[in-house]
Amino acid sequence: MNNYEESRSEIILDDWYNFEEEDNLTYQILNMHLYNKRIKDIRDRCYITSNEYLCAFMHKKDFEGKRVATVGSSGDQLLNALYLGAKDVTLIDANKFTRAFTEYKMAMIKNLSYDEFISILQAPQLKLFSLSLYRRISQDLSRPAQEFWDRLFLEYDKDSFTANPTSFYSELIQDSAMIGGSAFTNTEEAYNHLQDVLHKGDYQVDYITADVFEFDNKLKGKFDVILLSNIYDYVPANQYIPLLYDLYDHKLNPNGVMQIDYVFSAIMPSSLKEYFRDFNYYCDWGGFMLRKPRENNKDYYIDESMEAL
């Protein structure tokens with residue numbers, strides 16, 4: 001993994017964390033009266049857990065020893081990828097708090113028992129950002145993430161926070177949680193396996209903050225798996241479908257898989273079926289997936305009818 005000086009340089013350049021007093025991310029939270037006026041977009045808050053049934057369509061054979069690019073402000077896609085044996089994972093998301101929260105969650109798993117972790121997911125408003133929990137896990141955060149969380153815990157509304165951490169929670173977290181969608185939350189054995197993986201650290205994780213339409217430029221190299229959740233539901237199809245074609249052609253390895261949508265049923269959207277009718281696609285418990293052939297010599301071009309969407 002990157003050392004601290006390398007991470008610090010990258011983060012400052014990307015505005016992930018600014019080590020000066022008025023840094024970008026903590027400023028938004030510490031100045032609630034300004035932040036709350038602006039917070040209208042789901043990209044401004046992290047999910048405590050993914051609401052996708054990830055363990056149904058994330059399979060070990062696709063991830064073990066592989067290179068993965070994924071979205072996911074909950075960090076669950078990244079954590080499930082590591083659980084399944086991925087060796088190189090890039091977490092790319094428009095939410096600027098994704099790295100901070102994912103590292104927080106990883107530190108929780110490193111330090112808490114299975115029962116303790118599940119109990120926090122069951123009552124996150126009361127337990128997730130307690131000072132006692134932070135004292136237990138902060139040593140396992142990277143230096144940049146520790147700088148971010150330290151400042152919040154030290155400066156956020158000191159008088160009310162200790163008695164009522166729920167207000168802090170509401171600034172950062174979408175108030176929804178689903179336990180059971182991730183393999184590592186289903187059994188203590190699975191959780192302990194992920195905990196062991198995180199302790200060993202035999203993997204590479206990179207973080208990128210980017211708008212979805214920057215993904216093709218920001219992602220470096222090719223990947224065996226690309227996970228895009230249900231971004232399709234939130235962006236114009238006539239802009240997003242060309243991006244999917246481009247990612248498929250230029251960022252996905254042969255025999256790789258790419259999730260292009262998540263639907264809360266086993267029925268694929270008819271529009272996506274039409275756009276990808278010439279592709280090897282399947283729907284696996286809500287995950288609308290493409291499988292790239294081992295030998296891919298076919299180029300896909302945008303139909304002019306896309307302009308009318």
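The model is a predicted one, and its chain is made up of 17 helices and nine strands. Of the 309 residues in the chain, 53% are buried. Among contacts between residues at least 6 apart in sequence, 73% join residues that are at least 24 apart.

On the α7 side the contact is made by Ala100, Phe101, Glu103 and Tyr104, while α11 contributes Ala145, Phe148, Trp149 and Phe153. Sorted by class, the residues of this contact are seven nonpolar, no polar and one charged.

Helix α7 also meets helix α14, with axes that come within 9 Å and cross at roughly 110°, and α7 and α14 are therefore roughly perpendicular to each other. Here α7 uses Met106, Met108, Ile109, Lys110 and Asn111, and α14 answers with Tyr191, Leu194, Gln195, Leu198 and His199. The class count for the contact of α7 with α14 is six nonpolar, three polar and one charged residues.

The next topic is the aromatic rings. With ring centres required to lie within 6.5 Å of each other, the count comes to 19 aromatic pairs. One of them joins Phe97 and Phe148 in a tilted arrangement, 6.2 Å centre to centre and with 45° between the planes. Because Phe97 lies in the loop between β3 (88-93) and α7 whereas Phe148 belongs to helix α11, this pair ties together parts that are 51 residues apart in sequence. Phe97 has a relative accessible area of 3% and is therefore buried, and Phe148, at 3% relative accessibility, counts as buried too.

Another tilted pair is formed by Phe117 and Phe184, at 6.4 Å centre to centre and with 50° between the planes. This pair links distant parts of the chain, with Phe117 in helix α8 (residues 114-122) and Phe184 in the loop between β4 (173-174) and α14 (188-200), 67 residues apart. Phe117 is buried, its relative accessible area being 1%, and Phe184 counts as buried at 1% relative accessibility.

Ring pairs also link Phe97, Tyr104, Phe129, Tyr134, Phe148, Trp149, Phe153 and Tyr169 into a cluster. Aromatic rings take part in contacts with charged groups as well: the charged end of Arg67 sits over the ring of Phe223, 4.1 Å from its centre, and Lys292 lies over the face of Tyr248, at 5.3 Å from the ring centre.

How many residues of helix α6 are buried? Eight of its eight residues are buried, so that α6 is mostly covered, and these residues are Asp76, Gln77, Leu78, Leu79, Asn80, Ala81, Leu82 and Tyr83. Within this helix, which spans residues 76-83, Gln77 has a relative accessibility of 3% and counts as buried. Leaving aside neighbours within four places in sequence, Gln77 is in contact with Ser50, Glu52, Leu54, Met58, Thr70, Val71, Gly72, Leu227 and Ser229. Gln77 and Leu228 are 151 residues apart in sequence, yet their C-alpha atoms are 9.8 Å apart in space.

Backbone angles complete the account. Helix α6 is followed by Gly85, whose phi is positive, near 105°. Most residues other than glycine have a negative phi. Asn255, which is not a glycine either, has a positive phi of about 70°. Asn255 lies in strand β7, residues 252-262, and at 29% relative accessibility Asn255 counts as partly exposed.

Key: Residues numbered from 1 in each chain as written. Predicted model: local features only at pLDDT ≥ 70, side-chain atom pairs only at ≥ 80, totals over all residues. Heavy atoms only, no water. Contact = heavy atoms within 4.5 Å. Helix = DSSP H or I, 4+ residues; strand = E, 2+ residues; numbered from the N terminus. Nonpolar A, V, L, I, M, F, W, Y, C, P; charged D, E, K, R; others polar. Phe/Tyr/Trp six-rings, centres within 6.5 Å; stacked < 30°, edge-to-face > 60°. Buried < 20%, exposed > 50% of the residue type's maximum accessible area, 1.4 Å probe, protein only. Lys NZ or Arg CZ within 6 Å of the ring centre and 35° of its normal. Axes fitted to C-alpha atoms, helices over the stretch in contact; angles between N-to-C directions. Parallel < 35°, antiparallel > 145°, perpendicular 65-115°, else oblique.
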